[in-house]
Amino acid sequence: MSSSDKPTTPVKSTGLHVGEIKPGVAKKDPILIADGVRRQFGGLTAVDVAHVEIPRNAITALIGPNGAGKTTFFNLLTGFDIPNEGTWSFNGKSLAGVPAFKVARMGLIRTFQLTKALGLLTVMDNMKLGSTQQTGEKLWASVFHFLWKKKDVEIETQALDLLTRFKLDAKKDDYAASLSGGQRKLLEMARALMTKPELVMLDEPMAGVNPALTQSLLDHILNLKKEGMTVLFVEHDMHMVRHIADWVIVMAEGKVVAEGDPYEVMKNPAVIDAYLGSHQDVDLGTVTGRITLPKQGKEK
Amino acid sequence: MDVLGILSSTASFILDPTTMAYALAGLGLAVHFGFAGLLNMGMAGFMALGAYGYAIGILTFGLPWYLAAFVGIGASIVFALILGIPTLRLRGDYLAIVTIAAAEIIRLFLLTSAFVDVTGSADGLSGFNGPGGTVTNPIAGAGGFNDSNPIPDGEYGFPPFLDDERTWYLRIVGGIILAVGVYFVWRLVNSPWGRVIKGIREDEEAVRSLGKNVFAYKMQALIIGGVFGALGGLMLAFSTNVNSGVYVTSLTFFLWTALLLGGAATVFGPLVGSAIFWVLQAFLGLLFPALAKAGLLPFDSIQAAQIRFILIGVALVLLVVFRPQGIFGNKKELTFVK
Ligand SMILES: Nc1ncnc2c1ncn2[C@@H]1O[C@H](COP(=O)(O)OP(=O)(O)OP(=O)(O)O)[C@@H](O)[C@H]1O
Ligand SMILES: [Mg+2]
């Protein structure tokens, strides 16, 4: 990574919304829109999102206390779970009823909170699996080495580049099962990027990653934005959220309770209430933060 | 005790068509379980379809033997589709339950006297390999498998492989099918297709999240493995009569033993596993009765021959506990220990 030593100063995207800031506020250029999405598990309503829009080419953080429904919402948006009702669309195309693999092919890729590195494949094979439109993945073509050899070499170069950025290049020939928990998180994210997605949805990408690497991971997420991707990520550490997010969506008990700029939203009584249970004059970063990030001189 | 005789009969099993049939079906199981993680407990059913499809194709439909072979293969593909469409979306264990039941259904269909004209019921079918068609079915005069043998009559080879032209023809045909099959599977599993399949074996959701149509891949794997099962059945049918009594559940378990012996997630494992399995099986089947006759075992010789099945069961258990990756498998690539 070009900036692994000195942290990138995040360039915050502003002016993403239209009109007054409130939960469900319209965005100038939304990439993903969810409308009336509700998912019940028995008597429990895990997700009940009236309306939410994710701004394009920005980094949006989805935050909320444990059990708020963030992961379930991810599952619903990506076709891994089916809501009881609601509509949602990606790039203007409705995703209701679209199977998960087709959602992924459309350019909406997610990672999992409980990491799904494929331990019985090598790190390199994990990466190659991420690449899309491989001729060699077709049954008949796969038998003929010459049909896919060239593409495979290309993929390998691409994978190696990503692995280097994620500091996993030394491990490329090891089975992914031999990676540490944090390394698996990194691998899963790198693998997701192999698909060249348009929107990346990361479920707690930083959980279990050590502080030094967190910094470079944050930089990497910032680079994704530079490359034109849109990022939606779940994170509990408010310091990190403040550091890189352009926009924050807060969920509590399945509902979107607040939205806004990361600095403003954390002063929102509804957010503090969701996290702390009562109105308390505490900085959320102090409560949720694991690490102290270098000051960016942008604190308002 | 005729030690030499026992050893020589045992050795001949290395090149026995049955060994090759097992190796083919084992290869299919390797694709199913070893690489795709599909728990197929009904391989005997696929083999039965291959064998009966072939025999019925000749005897009932009067097809030439090579077209009849495709009837057997086609039947196994249809069987895979019927099994796969409802079960491949469910969790893996369901496939195991459904396949074991489906294989039994097939066997009972073949056994019932309702279709005796076609299936031969308990007697099974015979005479479909020629020569010159069969008396029971003159249309098959198009030529049986035996007629296609280009080897002149006579005995060839050296003991214990001194055999007639038909046996050698069987060995050559089986060897060719095996060689092509092994090469095909080896290519498959070392390709990007194989990568997807191995990913699915471990975590479907992860593979799905990368945009792969998991269901389609599992179906392809189920069909390919099933076709190898049918080829195994075909090989058996080339060499002898078909009878539903052969395609029982214990055949499936023998296949599993051979597969696990060689290594489930390997291409050569099923081959070597089958060879070892059959050689051991033959050896013990001759040794124990001989020992019993010599008064060294407290059983009569028929009972003594059965001891080997107990030993096979014990061996299977020991294998899974102590060397789950088999002879050739990579310990790190275990499929059922995480
Ligand atoms: N498969 C399920 N069956 C029943 N209840 C579920 C299921 N999945 C989630 N839930 C419930 O839905 C609610 C939301 O869960 P979810 O995993 O989405 O929370 P989350 O916001 O991701 O929490 P965390 O921050 O801890 O990851 C929880 O109360 C959880 O118990
Ligand atoms: Mg979660």
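Me: How far is an oxygen atom of ligand 1 from an N or O atom in the side chain of Asn66(A)?

Reply: The distance is 2.7 Å, which is a polar contact (a pair of N or O atoms within 3.5 Å; within protein, one must be able to donate a hydrogen and the other to accept it, and residues adjacent in sequence count only if both atoms are side-chain atoms). Please note that this is a predicted model, in which local features need pLDDT of at least 70 and side-chain atom pairs count only at pLDDT 80 or more, while totals for chains, interfaces and linings use all residues. Residues are numbered from 1 along each chain as its sequence is written, chains are lettered from A and ligands numbered from 1 in the order in which they are written, and side-chain values use heavy atoms, with hydrogens and water left out.

Me: And what are the distances for Lys70(A) and His236(A)?

Reply: An N or O atom in the side chain of Lys70(A) is 2.8 Å from an oxygen atom of ligand 1. For the side chain of His236(A), the corresponding distance is 2.9 Å.

Me: How much of ligand 1 does the protein cover?

Reply: On its own, ligand 1 has 640 Å² of accessible area, and the protein covers 61% of that. Accessible areas come from the Shrake-Rupley method with a 1.4 Å probe; for residues, only the protein chains shown count as cover.

Me: Which elements give two or more residues to the shell?

Reply: They are β2 (44-55) and α1 (70-77) of chain A. Helices (H or I, at least four residues) and strands (E, at least two) are DSSP runs, numbered from the N terminus. The largest share, 3 residues, comes from α1(A).

Me: How many residues surround ligand 1, and of what kinds?

Reply: There are 13 residues around ligand 1, and Asn66(A), Lys70(A), Thr71(A), Thr72(A) and Gln113(A) are the closest; a residue is near if one of its heavy atoms lies within 4 Å. The shell divides into 4 nonpolar, 7 polar and 2 charged residues. Here Ala, Val, Leu, Ile, Met, Phe, Trp, Tyr, Cys and Pro count as nonpolar, Asp, Glu, Lys and Arg as charged, and the others, Gly among them, as polar.

Me: Which protein donors does the magnesium ion have?

Reply: The protein donors of the magnesium ion (ligand 2) are Thr71(A) through OG1 and Gln113(A) through OE1, 1.9 to 2.1 Å from it. Thr71(A) is in helix α1 of chain A and Gln113(A) in the loop between β6 (108-110) and α3 (123-130), 42 residues apart. Donors are N, O and S atoms within 2.8 Å of the metal (3.2 Å for Na, K and Ca); water is not among the atoms, so sites may look incomplete.

Me: Why does Thr71(A) count as partly exposed?

Reply: Thr71(A) counts as partly exposed because its relative accessibility is 26%. Buried means under 20% relative accessible area, exposed over 50%, and partly exposed in between (1.4 Å probe, protein chains only).

Me: How many residues of α1(A) are buried?

Reply: In α1(A), 7 of its 8 residues are buried, including Lys70(A), Phe73(A) and Leu77(A).

Me: New topic: why is β3 of chain A largely enclosed?

Reply: Strand β3 (residues 59-63) has 5 of its 5 residues buried, so it is largely enclosed by the rest of the structure. Ile59(A), Ala61(A) and Ile63(A) point one way, and Thr60(A) and Leu62(A) the other way.

Me: In which sense do β3(A) and β8 pair?

Reply: They pair in the parallel sense over 4 bridges; pairing requires at least two bridges found by DSSP.
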